[in-house]
Amino acid sequence: MGGQRMQHSMIINGKKHEIDVDGDMPLLWFLRDRLEFTGTKFGCGSGLCGACTVHVNGQAIRSCVTPVSSLADQKITTIEGLSENGDHPLQQAWLNNNVPQCGYCQAGQIMNAASFLAINAAPTEQEIDTAMQGNICRCGTYQRIKKAIVEAADTLADTLNKEA
Amino acid sequence: MNISNISRRNFLKGAGIATGGLVIAVALPANALPANALAEKGILPKTSATLNAFIHLEENGDTVIYCGRCEMGQGISTALPSAVADEMEADWQRVSVKQGDADEKFGPQATGGSASIRVMYQPMREAGATAKAMLIAAAAKVWKTSAENCFAQAHFVINKSNQQRLGYGELASIAANMPIPEKPILKKKSDFNYIGKKLPRHDQGEVVVGKRIYGVDTKLPGLKYAAIVHCPVLGGSLKSLDKTDAMKVKGVSDIVEIPRFDVPFGSIGGVAVVADNSWTAQQAVKKLKVEWDLGENALYNTKEYKQQLVANVEKPATLTSERGDLDNAFKTAKNKVSATYTGGHLSHAPMEPNASVVWVQKNSCEVWASTQSPADIQKVLAQYLKREPKDIVVHVAMAGGAFGRKFKCDYVHEAAVISEKTGAPIQLIWSREEDMRTGYYHSINAQHIEASMDENGNVTGWLHRAAFPSISTLFNPALVRAPEQSLNDITNHLFGVENFRVESGDAKAHTRIGWYRAVYAIFYGFAFGTFADELAQKSGKDTLSFVNQLFDNNKNEAQQAQVQRAKDVLAIVANKSAWHKRSSLPKGQGIGLAVHYSFQSYVAMAVHVEVNGDDIKVLSVDCAIDCGQVLNLDGATAQMEGAVVMGMSLALSTEITFKDGAVVNSNFHDYPVMRITDMPNVNVHITDSDENPTGLGEPGVAPFAPALSNAVFAASGKRYRDLPFKPLSV
């Protein structure tokens with residue numbers, strides 16, 4: 001695949017984008033440098049820190065190690081597209097708890113948590129730890145991240161109850 | 001280019017008209033058009049007003065407050081503007097905050113030493129109070145009444161006689177022409193609206209939707225992307241370079257040699273590849289065939305060096321200060337205790353690696369950078385380009401963490417070299433590996449303490465030797481040991497010991513040493529706090545009583561108030577952690593105490609651990625800080641929580657290792673910073689103080705490691721004296 005141009009596209013935050021770069025290019029750099037969606041961050045380039053986390057078909061992946069060639073016709077969601085008005089329960093909970101310090105890792109934290117809550121709506125603290133251990137925050141906001149995820153899970157549970 | 005008197009809204013509106021289709025990227029709110037160009041075209045609103053360097057009022061009342069200090073996550077761009085808003089009686093909902101570019105009008109912008117609030121609290125309050133006085137004077141003029149007959153509240157001036165109101169927006173242009181009061185009257189603490197409260201940071205909303213723009217996010221039309229590989233050893237230089245394979249990579253346009261620039265914060269030397277995106281540049285860098293002349297520092301091995309430092313402090317060293325008669329104290333001692341403490345190099349490893357955009361043109365040089373010191377960028381680039389510092393325009397971007405690293409602008413200098421040689425605007429982003437291997441590291445260090453006690457557990461003599469390559473070596477590489485001023489925090493320590501001697505052990509630098517969050521307080525706090533606990537064990541007293549006795553023995557009149565504040569924070573954490581009930585903890589658990597004064601603030605910690613063999617689990621941490629008047633209670637709490645996490649990383653696991661002159665670590669797998677699974681419960685207690693505000697970002701780091709060492713000892717009887725306790729072997 002290396003060097004060849006892909007005749008494919010992917011759906012990013014609901015909009016179709018031609019994959020007009022080298023197929024080996026990681027999604028992170030397609031987003032950041034080609035499309036100028038800079039909400040997704042570069043932290044380590046090796047899938048070790050989670051700053052670059054986005055969703056592929058709703059599931060959290062590390063965009064810094066995911067080549068675009070593997071994403072033809074897939075649905076990508078970045079932090080910019082997680083919710084229409086920035087009001088995903090996690091985003092709300094992040095604000096309520098004043099989670100961010102420098103904030104650089106937080107897009108990845110939120111995207112990782114969103115994917116996790118979608119499959120486990122009522123996590124234990126230990127399950128939160130396990131799910132979030134791939135996301136580093138060097139400012140040390142972990143205590144608030146944990147609290148915000150618990151709070152968002154409660155909000156989601158309330159919403160589901162109301163719908164049911 | 002200065003747009004300080006153009007609102008963002010008007011600027012964007014104006015830019016579209018004035019430039020006829022020029023695309024302004026979101027990262028570029030400010031650079032494209034000079035203010036006077038807009039003014040000439042009549043685009044500038046005539047009724048808006050800049051009341052001083054920090055405050056700009058729109059006709060509709062929208063208020064921009066500038067932050068001159070650099071934001072890196074410590075919350076300064078909320079804290080300082082909120083002090084302005086408070087004194088100005090501005091409604092925070094009407095305020096937006098802007099980061100000031102490099103400009104003397106903002107006062108000192110170099111952001112380090114936990115000094116921002118200490119230095120800027122008063123000036124920012126005065127800026128706000130000045131604006132308020134001018135707005136009141138304007139309203140008084142309109143109403144033909146006296147200023148005394150008016151007061152300001154929530155973005156309005158109100159006439160006391162008839163309750164008439166005029167909004168700040170309506171008053172802006174009149175206020176701008178009012179005389180500037182000589183000495184504005186500041187508010188009483190009881191009248192504060194924002195100071196000391198839990199104000200959310202101004203940029204959170206942008207952060208959670210991915211719209212906050214960091215240095216790494218800068219985009220410009222025609223931007224080229226660069227990646228770099230550095231000379232792995234300080235003092236080395238390029239021996240040979242084969243560009244062939246790298247040039248073959250599609251999208252690569254240039255390969256630029258960057259010679260070592262021997263000024264403080266200049267490049268260590270490297271080779272950069274320029275391409276049409278970062279990834280291509282990173283791939284091509286790997287295809288460079290580079291050989292380096294490594295120079296004399298190629299002999300640097302930290303394992304041996306640490307042993308050498310230990311040897312240098314376990315023998316007489318160079319005297320830096322002395323009081324009393326130490327020899328006599330030692331001769332007449334009931335008990336003598338000695339111990340040696342060590343610690344390794346640390347890398348700041350902020351989540352955003354070093355990044356900047358620089359565009360060098362014939363008659364201009366413009367920089368967009370995550371930075372802690374815009375004036376140093378101006379200085380270094382001016383030296384390199386042989387221009388005047390004032391001609392280097394620096395836009396200060398939000399830093400995705402910094403911790404001291406982004407005080408040094410070698411990465412900006414490199415982007416300037418590449419831009420100068422290619423003519424293009426260049427974004428240089430370091431890889432994580434380059435970030436970790438091309439640092440300004442926290443000093444590797446060794447300290448040896450010997451102390452004598454009498455029969456009542458009073459410490460009668462204290463010999464303290466420290467050896468570490470000091471930050472001063474950045475400016476004077478010939479230094480063979482830390483200078484006297486770097487050991488002043490030992491000499492002036494608040495423990496009361498009559499007979500005291502401080503010595504500096506030989507420690508030549510073989511890599512670049514730099515400020516790392518809490519700096520020397522990391523190892524001074526560790527040695528003092530751990531040794532106090534060891535002395536307490538020897539004396540048979542509990543650590544709390546013993547440390548209080550050490551403080552009580554301080555007879556220096558000038559330090560009495562400080563001693564009391566240190567004792568007070570210690571008492572808080574002892575109380576909150578139920579120190580007095582520690583004997584009822586389950587087997588394998590323990591509580592450790594430590595207190596340290598640094599950056600003019602007082603911090604104590606009680607760390608509660610569970611130890612199982614080599615496994616150390618931190619269960620909870622109580623920390624108390626007295627940093628004088630707090631600006632933002634929630635921000636202060638967050639700083640302490642973060643300090644605990646950084647303290648945990650350096651106490652337990654992070655260490656930079658050099659072999660043959662080069663850093664061995666490369667990424668987060670072999671530089672294991674704390675993760676969420678390690679996070680203890682952290683309870684922060686902040687004293688309600690009327691004293692002047694002092695340091696907050698850094699002092700919280702220092703007491704963690706000693707409190708942890710003491711807790712582990714209490715739990716298991718095992719004493720850790722080397723940081724980190726559990727290094728990965730790399």
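Predicted model: local features only at pLDDT ≥ 70, side-chain atom pairs only at ≥ 80, totals over all residues.

Reader: What makes 9–81 of chain A a domain?

Author: Domain bounds come from an automatic or database domain assignment. That assignment divides chain A into domain 1 (9–81) and domain 2 (89–163). Their C-alpha centres lie 21 Å apart.

Reader: How do you know which residues of domain 1 of chain A and domain 2 of chain A form the contact?

Author: Two residues are in contact if their C-beta atoms, placed from the backbone, lie within 7 Å. The contact takes 15 residues from domain 1 of chain A and twelve residues from domain 2 of chain A. On the domain 1 side, strand 3 (53–56) and strand 4 (59–62) of chain A each supply at least two residues. Strand 3 of chain A gives the most, with three residues.

Reader: What classes of residue make up that side of domain 1 of chain A?

Author: There are six nonpolar, eight polar and one charged residues. Here Ala, Val, Leu, Ile, Met, Phe, Trp, Tyr, Cys and Pro count as nonpolar, Asp, Glu, Lys and Arg as charged, and the others, Gly among them, as polar.

Reader: Why are strand 5 and strand 6 of chain B called paired?

Author: Strands (E, at least two residues) and helices (H or I, at least four) are DSSP runs, numbered from the N terminus. Two strands pair if DSSP finds at least two bridges between them. Strand 5 and strand 6 (residues 156–159) of chain B have four bridges, in the antiparallel sense, so they meet that definition. As one example, B:Val157 in strand 6 is the bridge partner of B:Ala152.

Reader: What makes strand 5 and strand 7 of chain B edge strands?

Author: The open sheet has three strands in the order 5-6-7. Strand 5 (150–153) and strand 7 (165–167) of chain B each pair on one side only.

Reader: What angle does helix 4 of chain B make with strand 5 of chain B?

Author: The angle between helix 4 (residues 116–143) and strand 5 of chain B is about 130°. Axes are lines fitted to C-alpha atoms, for helices over the stretch in contact, and angles run from 0 to 180 degrees between N-to-C directions. Helix 5 (residues 168–175) of chain B runs at about 75° to strand 7 of chain B.

Definitions and conventions
Residues numbered from 1 in each chain as written. Chains lettered and ligands numbered in written order.
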